[in-house]
Amino acid sequence: SDRVRQWIRGGLKKPWFASVHVFAPHPPFDPAPEYLERMKPGELPGPLYRAGEEAEQERFTKIDHNTMKPVAPGTYQARHMKAAYYAMIEHIDYELGRILDELEATGQRENTIVVFTSDHGEMMGDHCLRMKGCRFFEGAVRVPLMVSWPARFRKGVRSDELVELTDILPTLLEACGRTVPGHVEGKSLVGILRGTAAGRHREMVRSEYHDSATNTYGSRATMIRDERYKLVMYHGTGLGELFDLAEDPSEFRNLFESEAGRAARGRMVEMMLDHIATRVDLGAPRIGRY
């Protein structure tokens, strides 16, 4: 943050854009000692775990994940890992605060759009998994998204709308008075941020994984979720997951192969295919009709 603060203090030519990439929190979880000392591992909640869950997760060991073998939380210091993770997050909070303070001190905070987000989460031992990979539990795919612009956006707005990271680009374009090109994916969040949105932002969201790990299987998978259900298809394996997030928010009961989930699975598969079809790149805009 020191370098960014010096840059801000040095005088900026507006409009300007800065992207600050923070590698933490990331394995190995090695926070600064002064932040780790504030944590109390014994008071932290343990990972989401149901006795015997290792057997269910063993079915998915041929899906690329940094936790290649499911490990029950009682076999390692799960709370100490979480304490180190939280300590790194608190350190990030402090450094981001220093940047915001510099914007305030130089009179630029009021008209600066700040977006804070992450590319993925961490499993933190939930469901016998640590780190990340080709799995789509809430701990991995649900990430922070905070947007602030004191001059134009309503303060204190909290929303439970379904959104994607693809929504960031059209949001910034609209906020800056620019036209959003037709080929841009995502939907602007400006209405939500101003408190003027009417109706649902999205009916569903989608997340994908395409052979991005250095493991052996080259996994590919697609997840979609609506307000209630989450469907995951691990392509080419016959494996999948279906969770009723209203009845089972901790994602312990996989309904993918159950009779109880048959109707929801069929509806979600159809939704997934429709969503994929509507996001196909159709090439250059049509200039004539025959």
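How many cavities of 30 Å³ or more are there? I counted three by the rule used here. For that rule, I took a 1 Å grid over the protein atoms alone, where a cavity is a set of points that a 1.4 Å probe fits but cannot leave, and lining residues have an atom within 4 Å of a point. Points join across faces, edges and corners, and a volume is the space filled by probe spheres set on them.

I noted that the model is predicted: local features need pLDDT of at least 70, side-chain atom pairs count only at pLDDT 80 or more, and totals for chains, interfaces and linings use all residues. Residues are numbered from 1 along each chain as its sequence is written, and side-chain values use heavy atoms, without hydrogens and water.

**Largest cavity.** I read a volume of about 60 Å³. Its lining includes Gln 57, Phe 60, His 65 and Arg 135.

**Second largest cavity.** I found about 50 Å³ here. Among its lining residues are Glu 53, Gln 57, Phe 243 and Asn 254. Helix 3 (53-58) and strand 6 (239-244) each supply at least two lining residues. Helix 3 gives the most, three. Helices (H or I, at least four residues) and strands (E, at least two) are DSSP runs, numbered from the N terminus.

**Backbone.** I looked up Ala 24 to Pro 25 and found a cis bond, omega near -5 degrees. Pro 27 and Pro 28 are also joined by a cis peptide bond, omega about -5 degrees. Pro 28 lies in the loop between helix 1 and helix 2.

Met 124 has a positive phi, near 55 degrees. Met 124 is buried at 7% relative accessible area. Buried means under 20%, exposed over 50%, partly exposed in between (1.4 Å probe, protein chains only).

Technical notes:
1 Å grid on protein atoms, 1.4 Å probe; cavity = no way out; pocket = protein on both sides within 12 Å on 5 of 7 lines; lining within 4 Å.
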